[in-house]
Amino acid sequence: MSNFSNTRMQRLYVQPEATWAVIPNTGGTATLAGSNCCRMSSLVINQTQQEIVRSDKTGSLGLTMGLLGRRAATWSAKMSLAPNGAAGVKPDMDPFLAAIMGKLAVVNTGVSVVYGLDDNSPSVTIWDFNTPGTITQRCALGAVASKAKFDIGVDEPQVEFSGPAEAILDTDVYATADTVSKGGLTQASFPTEPTTPVTNGVAPPGFTGVITLDGQAYATFRTGSISVDVDRELPMDGFNSYYGLAPAAGLRNVAADWSMYDDDSAVLSALKVKAYAGTPVNITFQIGTVAGSIWVFLLKNVLLPKPQYDLSGKRRFVTFNGARTHDTTIGAKDAFQITVQ
Amino acid sequence: MTFRFLGSESLVGDSIRLNRFGQSVELTEPQAANAILGGCPLVDDETFCQIGFAKEDLKKFASSGSHGRASVEFLEKKKAALLTAQALRERLESGETLTAAEPKGE
């Protein structure tokens with residue numbers, strides 16, 4: 001009798017790749033370990049391969065068999081904003097954060113972990129293990145992050161990362177996979193799940209912390225989000241390649257949306273004036289209040305959109321949608337920073 | 001080997017759940033190395049005891065959520081423990097074994 005798989009019985013492991021699309025390995029054997037585990041609420045990896053349909057007429061309306069085209073892969077992973085729990089220790093999602101931000105974090109031991117922006121495209125190998133172990137197990141290699149979205153102000157703050165990957169390797173095709181899909185592995189069979197996964201930290205309540213808009217702390221903040229779009233892709237038009245080419249990156253675009261209660265305070269009025277005048281402001285969203293479990297999102301040189309008023313509830317809201325960050329100077333790469341402290 | 005936990009919550013495999021500051025846990029060397037490399041903030045029991053946390057403080061501040069109310073003295077000791085844990089992690093990352101990384105007696 002065959003076995004089914006319960007969707008809750010899934011684990012994600014993520015490893016930074018030293019070389020794009022090469023699964024971390026020693027002598028062809030994957031170096032995957034329990035220490036690479038990261039809790040998540042959703043992991044989706046997919047590979048597609050379109051049929052190249054011959055356009056020539058046959059004198060019939062029937063479709064003739066085409067050829068297999070290029071192989072494209074995508075991934076997305078969603079997880080609670082769980083820091084490590086100990087200040088100055090990287091969160092389990094560190095490889096994803098480094099992948100979206102473009103460089104490794106700076107660790108200030110015992111104090112904080114800081115993620116700044118850069119122009120690089122670090123890649124990761126994402127492992128998708130499910131129970132029972134006899135069901136198809138997969139990994140996405142050469143995965144780069146193109147988008148991330150962070151929740152602000154909700155009960156369980158979450159982040160979702162997504163992007164393209166070079167290939168998907170799995171237990172079904174391992175024996176016959178080509179060298180690109182094998183990503184440098186030469187071991188006899190697909191790696192098995194580590195026996196002792198290690199995961200750390202608990203997301204802070206997303207409605208606790210400090211919201212600072214243009215230097216003023218606001219207790220009237222409701223909810224919001226930060227969208228990071230770094231426009232990375234694996235170009236799918238390389239000659240003699242069924243797979244994507246090495247990562248290409250476009251314009252970085254970091255923007256925040258949020259809703260807050262409207263009031264007649266002088267500080268909020270001044271903020272609205274800046275929105276109309278196009279005066280850039282700095283914004284800090286701090287989630288959490290306990291050292292080791294605090295996220296600080298710093299958005300610099302934010303051009304505020306025009307305030308929109310929402311009368312759908314009992315109390316009037318004012319919303320700012322698409323508040324975009326900017327580098328201080330060309331090449332400063334300081335438009336956005338994440339600190340876990 | 002006996003270790004003490006310094007974080008908010010860590011799961012090591014299916015059976016070990018650490019969620020109290022200063023929680024004592026027995027781990028084999030491979031288990032401990034895997035946990036520490038996986039970001040689990042642990043220090044060896046000997047070092048933890050040397051730092052000198054008061055028993056009442058460990059009871060009072062067992063939950064990391066309560067550390068916002070802790071005394072400066074407790075927080076300084078916590079930071080010292082975290083620095084030791086980080087140093088231990090770095091030594092393991094550089095390829096040392098846990099036995100080699102253990103503090104030497106006088």
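## Exercises on a predicted two-chain model

Strand S10 (residues 138–144) of chain A runs antiparallel to S13(A), and the two are joined by four bridges. The model is predicted, and the exercises below should be read with that in mind.

**Exercise 1.** Identify the sheet to which S10 and S13 of chain A belong, and explain why one side of S13(A) is left without a neighbour in the sheet.

*Solution.* Begin with the order of the strands: five of them form an open sheet in chain A, arranged S4-S1-S9-S10-S13 with antiparallel pairing. Next, look at the two edges, where strand S4 (37–38) and strand S13 (167–170) of chain A each have a single partner strand, so that each has one side without a neighbour in the sheet. At the residue level, Cys139(A) has Leu169(A) in S13(A) as its bridge partner. Finally, consider what lies on the sheet: helix H1 (residues 94–101) of chain A packs there, touching strand S1 (10–16), strand S9 (123–130) and S10 of chain A, and its direction makes about 55° with that of S1(A).

**Exercise 2.** Determine which residues have the most contacts inside the largest nonpolar core, and which element gives the largest share of this core.

*Solution.* The largest nonpolar core has 110 residues, and those with the most contacts inside it are Phe96(A), Ile100(A), Ile126(A), Ala140(A) and Leu42(B). The largest share of this core comes from H1(A), with six residues. To see one of these positions in detail, take Ala140(A), which, leaving aside neighbours within four places in sequence, is in contact with Ile45(A), Ala73(A), Trp75(A), Ile126(A), Ala165(A) and Ile168(A).

**Exercise 3.** Work out how compact chain B is for its length.

*Solution.* Chain B has five helices and five strands, which follow the pattern β-β-β-β-α-β-α-α-α-α along the sequence. Its radius of gyration is 13 Å, close to the 13 Å that the globule rule gives for 106 residues, so chain B is as compact as a globular protein of that length.

Technical notes: Residues are numbered from 1 along each chain as its sequence is written. Chains are lettered from A and ligands numbered from 1 in the order in which they are written. This is a predicted model: local features need pLDDT of at least 70, side-chain atom pairs count only at pLDDT 80 or more; totals for chains, interfaces and linings use all residues. Two strands pair if DSSP finds at least two bridges between them. Two residues are in contact if their C-beta atoms, placed from the backbone, lie within 7 Å. Axes are lines fitted to C-alpha atoms, for helices over the stretch in contact, and angles run from 0 to 180 degrees between N-to-C directions. A nonpolar core is a set of buried Ala, Val, Leu, Ile, Met, Phe, Trp, Tyr and Cys residues joined through C-beta atoms within 7 Å. A residue is buried if 20 or more other C-beta atoms lie within 10 Å of its own, exposed if 12 or fewer, and partly exposed in between; C-beta atoms are placed from the backbone. The radius of gyration is taken over C-alpha atoms; the globule rule is 2.2 Å times the number of residues to the power 0.38.
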